[in-house]
Protein chains: 2
Amino acid sequence: MRITIIGSGNVATHLSAAFKNAGHRIAQVYSRDMQNAALLAYHVGAEAIDDLENITADTDIFIIAVKDDAIAEVVPQLSGFKKLIAHTSGAVDMQLIQDFTERAGVFYPLQTFSKTKELNFREVPLCIEGATEEITRELEELARSISNNIYRVGSSQRKILHLAAVFACNFTNHLYTISEQLLAQHSMSFDMLRPLILETADKIKEHSPIDVQTGPAVRNDEQTIQKHLQMLKNEAKLQEIYSLLSQDIIKNHNTGNGDK
Amino acid sequence: MRITIIGSGNVATHLSAAFKNAGHRIAQVYSRDMQNAALLAYHVGAEAIDDLENITADTDIFIIAVKDDAIAEVVPQLSGFKKLIAHTSGAVDMQLIQDFTERAGVFYPLQTFSKTKELNFREVPLCIEGATEEITRELEELARSISNNIYRVGSSQRKILHLAAVFACNFTNHLYTISEQLLAQHSMSFDMLRPLILETADKIKEHSPIDVQTGPAVRNDEQTIQKHLQMLKNEAKLQEIYSLLSQDIIKNHNTGNGDK
């Protein structure tokens with residue numbers, strides 16, 4: 001397919017590379033910032049543009065990968081081409097595109113992307129929604145060309161997925177940051193924690209997380225919890241986070257059996 | 001070495017197996033629950049006991065792997081043997097053992113263990129502390145026989161490590177649980193999130209987590225944050241967790257650049 005990429009951030013970058021590797025042609029890459037557009041366009045052999053006026057009809061699909069609140073600004077400028085338009089957002093209704101064109105869809109990669117980190121795109125779950133069955137199938141075919149994990153997900157369920165992803169990924173990464181900062185304040189290297197973090201994630205490959213919860217809260221070890229809160233006495237926010245998450249773990253679990 | 005294991009939980013189970021595999025002899029396994037003691041003792045070829053009166057002197061070291069507040073109960077019953085005694089806790093001072101014997105140490109594995117999950121013990125960071133340089137070296141030698149990641153860590157730094165581990169592991173796993181429950185409430189499988197969770201952890205192998213933070217909060221995407229809070233309106237605790245962690249991410253980061 002001929003694909004036009006609207007955006008040049010993490011999602012745009014990884015999607016473009018995956019499409020290109022699967023043999024599709026990236027026609028144009030748009031970004032408000034010409035330097036960003038040019039960098040990505042160079043990598044995927046596309047034309048870089050920083051003005052939507054320069055969009056051409058020489059494409060089969062527009063993939064919109066810009067910040068959520070910018071989607072509504074670009075759709076009206078694309079709909080005149082009568083091509084398929086899909087956004088890549090977890091949180092935005094397909095309706096936002098349908099208001100302008102019936103050839104609307106969603107192509108949501110349920111993954112966290114950073115420009116500096118390679119990943120195997122064939123394992124990225126792609127959540128597909130189309131305004132018609134024909135569009136859904138067309139998007140599924142495109143999706144299958146770059147991933148083995150394709151799901152049909154409607155707008156309301158996709159929003160739940162996105163919300164769950166914020167907990168499982170964004171908040172989790174922030175907890176990693178907190179732990180790194182705690183160690184740094186006491187001259188210890190984050191390397192000491194890396195094996196623990198990897199194992200914590202590895203565990204849920206084959207287990208439900210509720211079955212492998214460990215730590216003071218699930219053991220109802222009130223003494224340790226109090227010691228930790230005391231250690232955080234000069235970090236009000238961290239103390240609040242510690243307290244709230246511990247309470248929620250205790251609420252979710254029975255008390256331990258005395259062993260660690 | 002001849003090793004006596006006090007406890008039969010997750011830490012006791014994984015440590016015993018690692019010692020056994022490294023050629024050490026597990027002399028006895030103690031648990032208040034004879035069935036638990038017997039099960040672990042069977043696996044590592046040791047004698048099972050459920051009464052500390054039956055501890056024998058035929059050992060070189062007592063490794064205490066019981067719940068933190070039970071450590072103080074067992075030490076006085078072991079110190080008479082004049083053998084090395086080490087606990088495995090992140091949160092407890094070595095002094096608690098030293099109050100009873102100078103042959104005191106700490107052997108803290110900075111990892112999350114579940115009985116049903118195998119792991120490569122050679123990658124587990126072991127934090128060692130000894131009452132004397134001789135004891136520290138003895139514990140380091142024992143540690144090196146089962147792991148490649150040995151650190152000397154004093155009691156006060158070990159407590160920081162343990163606190164950081166609660167954030168990076170225990171709280172993280174609870175966020176996984178929250179996300180699984182959100183999906184389940186809407187008839188979606190946790191399998192959809194597993195690749196995201198694994199990638200989130202994989203990213204920090206070679207990056208600092210603060211450099212790879214993604215999501216609405218780091219983009220300062222107030223509209224999405226408000227939508228998410230609205231979706232959680234019937235889940236007061238989750239709403240509170242969402243709000244607190246988002247605020248903390250915003251506080252830690254600058255605003256995004258418009259791209260995703």
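The side chain of A:Gln28 reaches the backbone oxygen of A:Asn54 at 3.1 Å. That is a polar contact: a pair of N or O atoms within 3.5 Å, where within protein one must be able to donate a hydrogen and the other to accept it, and residues adjacent in sequence count only if both atoms are side-chain atoms. A:Gln28 sits in strand 2 (residues 25-30) of chain A. Helices (H or I, at least four residues) and strands (E, at least two) are DSSP runs, numbered from the N terminus. A:Gln28 is buried, at a relative accessible area of 1%. Buried means under 20% relative accessible area, exposed over 50%, and partly exposed in between (1.4 Å probe, protein chains only). Beyond its neighbours within four places in sequence, A:Gln28 is in contact with residues including A:Ile3, A:Ile5, A:Glu47 and A:Thr56. Contact means heavy atoms within 4.5 Å.

A word on the model itself. It is predicted, so local features need pLDDT of at least 70 and side-chain atom pairs count only at pLDDT 80 or more, while totals for chains, interfaces and linings use all residues. Residues are numbered from 1 along each chain as its sequence is written, chains are lettered from A and ligands numbered from 1 in the order in which they are written, and side-chain values use heavy atoms, with hydrogens and water left out.

Now the interior. Nonpolar side chains tend to be buried together in soluble globular proteins. A nonpolar core here is a set of buried Ala, Val, Leu, Ile, Met, Phe, Trp, Tyr and Cys residues joined through side-chain atoms within 4.5 Å. The largest has 116 residues. A:Ile6, A:Phe167, B:Ile6 and B:Phe167 touch the most other members. Leaving aside neighbours within four places in sequence, B:Ile6 is in contact with B:Tyr30, B:Phe62 and B:Leu78, among others. A second, separate core holds 32 residues, including B:Leu119 and B:Ile146.

Charged pairs come next. A salt bridge is a side-chain nitrogen of Lys or Arg within 4 Å of a carboxyl oxygen of Asp or Glu. Over all chains the count is 34. One joins A:Arg103 and A:Glu138, with the closest N and O atoms 3.7 Å apart. These two are 35 residues apart, and A:Glu138 belongs to helix 5 (residues 133-144) of chain A. A:Arg103 is partly exposed at 26%. A:Glu138 is partly exposed too, at 23%. In chain B, B:Asp60 and B:Arg2 meet at 3.0 Å, N to O. B:Asp60 lies in a loop and B:Arg2 in strand 1, so the pair ties together parts that are 58 residues apart in sequence.

Which salt bridges cross between the chains? The interface of chain B and chain A has four. In one of them, A:Asp202 meets B:Lys117 at 3.0 Å, N to O. Another bridge pairs A:Lys117 with B:Glu199 at 3.2 Å. A:Lys117 is in a loop of chain A and B:Glu199 in helix 7 of chain B, so this pair joins two chains. A:Lys117 is buried at 13%, and B:Glu199 is buried at 8%.

The whole interface is next. Here 111 residues of chain B are in contact with 111 residues of chain A. The chains bury about 10500 Å² between them, 64% of it on carbon and sulfur atoms. Buried area is the accessible area (1.4 Å probe) that two parts lose on being put together, summed over both. Polar contacts link 50 residue pairs across it, both residues at pLDDT 80 or more. On the chain B side, helix 6 of chain B gives the largest share, 26 residues.
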